[in-house]
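The entries begin with a term that the later ones need.

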Amino acid sequence: MKRFYIIILLLLLTLGFLNSTQAQTGEELVNMCTELTEDATYMEDFTVKLSDAAPGEDPPSQKKSYMLKKNTHYRFIICSSRDYPGRGILKIYNSKKLVTSNYVESTGKIIPTIDFKCHKTGPYHFWVEFEDGKEGLAVVVLSFVKRL
Amino acid sequence: MIKMRFKHLTYIFILFFVMISCKSSNDKNSDEFNVPDSVANQGVLEISEQAMDNVTQNISSNIETAALIKNLNVPFSKEHLAPTEVDNYNTQFDQALLLGVYGADLGYLNMYSKTTVALDYLSSIRKLANSLNVGQFFDFNTLQRLAKNDENLDSLMYISQRNFNQMDQYLRENNRSNLSTLMVAGGWIEGLYLSGKVFKNRPDPKLREAIGEQKIILGDLMILLKNFEKDPDFAGLIKDFERLDELFKKVEISIERGEPERQVVDGRLVIKQREKSIVTVPDELLDKIINESIEIRNKLINQ
């Protein structure tokens with residue numbers, strides 16, 4: 001009987017351990033994403049977690065704004081958590097105008113890295129949503145590459 | 001017998017749930033700390049959320065300016081930096097401003113790989129951060145270790161910048177936006193001061209433009225500061241910054257329209273912006289802006 005309880009206890013401990021090691025946290029995503037910036041200097045990161053869209057509704061999205069400067073080469077990297085079905089899509093706006101998105105509509109491909117050669121100082125708005133409105137967790141890292 | 005087994009199973013499940021809840025409680029608490037009542041809720045934004053939506057709060061990065069200065073091959077000058085003596089700064093207002101100033105100085109030091117000098121600044125930053133109850137975000141031991149080893153410069157820049165971002169975010173999310181705004185203001189004026197000081201010795205057109213385009217950033221910064229204008233300390237700071245704002249209003253910024261160029265290179269999406277901002281600052285106006293910024297910055301750090 002004693003052996004039975006020990007087995008159950010060990011099983012539960014193992015399950016708890018697996019649960020704690022497999023879940024990818026926002027912090028881990030930031031570190032992973034920052035490593036991908038290569039020769040660029042980290043500036044800022046933001047984490048986006050969104051639930052899935054209700055049927056017939058637009059995909060939920062989250063915005064972050066940042067002041068970008070002229071004659072500067074920036075790099076954006078978006079990393080999506082493997083624990084959620086959604087793949088992150090980043091859209092960059094300036095003065096309500098879409099500058100770019102990492103989602104290529106014609107192919108359905110999502111490109112995780114955007115190199116942005118900025119020539120206009122001003123506020124830029126970064127919108128993140130998840131493909132097909134699925135639930136997701138993603139981190140966007142903004143880094144500085146060089147002055148142009 | 002069945003009753004016994006049920007009892008034991010119950011204990012095991014309780015133990016399991018205690019373990020699970022301990023783990024999740026650790027995760028959750030990494031960003032939650034006790035803040036005295038005297039500190040919390042003093043910095044709630046008064047401006048509506050809708051209006052704030054159009055204001056960029058993340059304006060404090062000085063990495064671009066530090067890189068521009070370094071690209072001009074201007075030698076490093078410690079004289080441009082604020083002194084690291086912090087014991088005379090007793091109010092949270094002064095401490096938060098100075099923390100922003102040091103953040104900009106640290107960016108300048110990191111850009112020039114001056115890690116030994118950076119240690120003094122890191123030490124002062126720690127003291128200020130502790131006084132403001134945000135020291136928990138500042139991983140001083142790791143930074144100190146990295147600063148002693150020049151090979152770890154990338155990590156030093158990453159961790160110091162990230163720690164500043166975390167402090168700023170924490171303050172904003174915990175009704176202490178007043179302190180976050182002061183950090184932004186301190187970092188901004190120090191960046192402008194550094195640019196002005198360098199320009200006086202090396203009048204480069206790119207630096208001229210970088211100073212002139214601060215008009216856009218100051219516009220948002222004034223909105224943030226005016227949230228707290230009822231506070232007498234803020235009112236004084238706003239008055240100083242308004243003098244600069246008046247000068248910056250004379251800077252002309254025009255936009256040349258164009259569509260961005262997109263191409264995929266080595267798996268990256270490369271965007272070249274064709275829309276350009278063109279900044280025009282006459283010599284006399286630039287001189288006034290630089291002198292005013294030097295005066296305000298020196299006043300803030302009591303020099």
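I count two strands as paired if DSSP finds at least two bridges between them. Helices (H or I, at least four residues) and strands (E, at least two) are DSSP runs, numbered from the N terminus.

**Entry 1. Conventions and confidence.**
I note that this is a predicted model, in which local features need pLDDT of at least 70 and side-chain atom pairs count only at pLDDT 80 or more, while totals for chains, interfaces and linings use all residues. Residues are numbered from 1 along each chain as its sequence is written, and chains are lettered from A and ligands numbered from 1 in the order in which they are written. For the complex the predictor gives an ipTM of 0.82 and a pTM of 0.81. I looked up pLDDT, the predictor's confidence in each residue from 0 to 100, for chain B: the average is 83, and 79% of the residues score at least 70. In residues 20-41 of chain B the pLDDT is below 50, and this stretch has 13 contacts beyond near neighbours in sequence. Where pLDDT is low, the predicted coordinates should not be read in detail.

**Entry 2. Chain A.**
I find 2 helices and 10 strands in chain A, and along the sequence the pattern is α-α-β-β-β-β-β-β-β-β-β-β. A contact requires C-beta atoms, placed from the backbone, within 7 Å. Of the contacts in chain A between residues at least 6 apart in sequence, 79% join residues at least 24 apart.

**Entry 3. The open sheet of 4 strands.**
This sheet of chain A has the order β2-β9-β4-β5 with antiparallel pairing. Its edge strands are β2 (61-68) and β5 (97-101) of chain A. The twist averages 30° from one strand to the next, where axes are lines fitted to C-alpha atoms, for helices over the stretch in contact, and angles run from 0 to 180 degrees between N-to-C directions. I followed β2(A) to β9 (residues 122-130) of chain A, which it joins by 8 bridges; A:Ser61 stands opposite A:Glu129.

Which strands make up the open sheet of 6 strands? I read the order as β1(A)-β10(A)-β3(A)-β8(A)-β3(B)-β2(B), with mixed pairing. The edges are β1 (41-50) of chain A and β2 (261-265) of chain B, and the twist averages 20° from one strand to the next. β1(A) pairs with β10 (residues 136-147) of chain A in the antiparallel sense over 9 bridges. Helix α3 (residues 63-71) of chain B packs on this sheet, touching β1, β3 (72-80) and β10 of chain A.

Between the chains, β8 (residues 113-118) of chain A and β3(B) pair in the parallel sense over 4 bridges, with A:Lys117 opposite B:Lys272. β2(B) and β3(B) pair in the antiparallel sense over 5 bridges, and B:Glu261 also stands opposite B:Lys272. These two strands of chain B form a hairpin with 2 residues between them, where B:Asp266 in the turn has a positive phi of about 50°.

**Entry 4. The core.**
I take a residue as buried if 20 or more other C-beta atoms, placed from the backbone, lie within 10 Å of its own. A nonpolar core is a set of buried Ala, Val, Leu, Ile, Met, Phe, Trp, Tyr and Cys residues joined through C-beta atoms within 7 Å. The largest has 106 residues, and those with the most contacts inside it include A:Phe76 and B:Leu99. Helix α8 (residues 177-201) of chain B gives the most to this core, with 12 residues.

Terms used: Contact = placed C-beta atoms within 7 Å. Buried ≥ 20, exposed ≤ 12 C-beta atoms within 10 Å, placed from the backbone.
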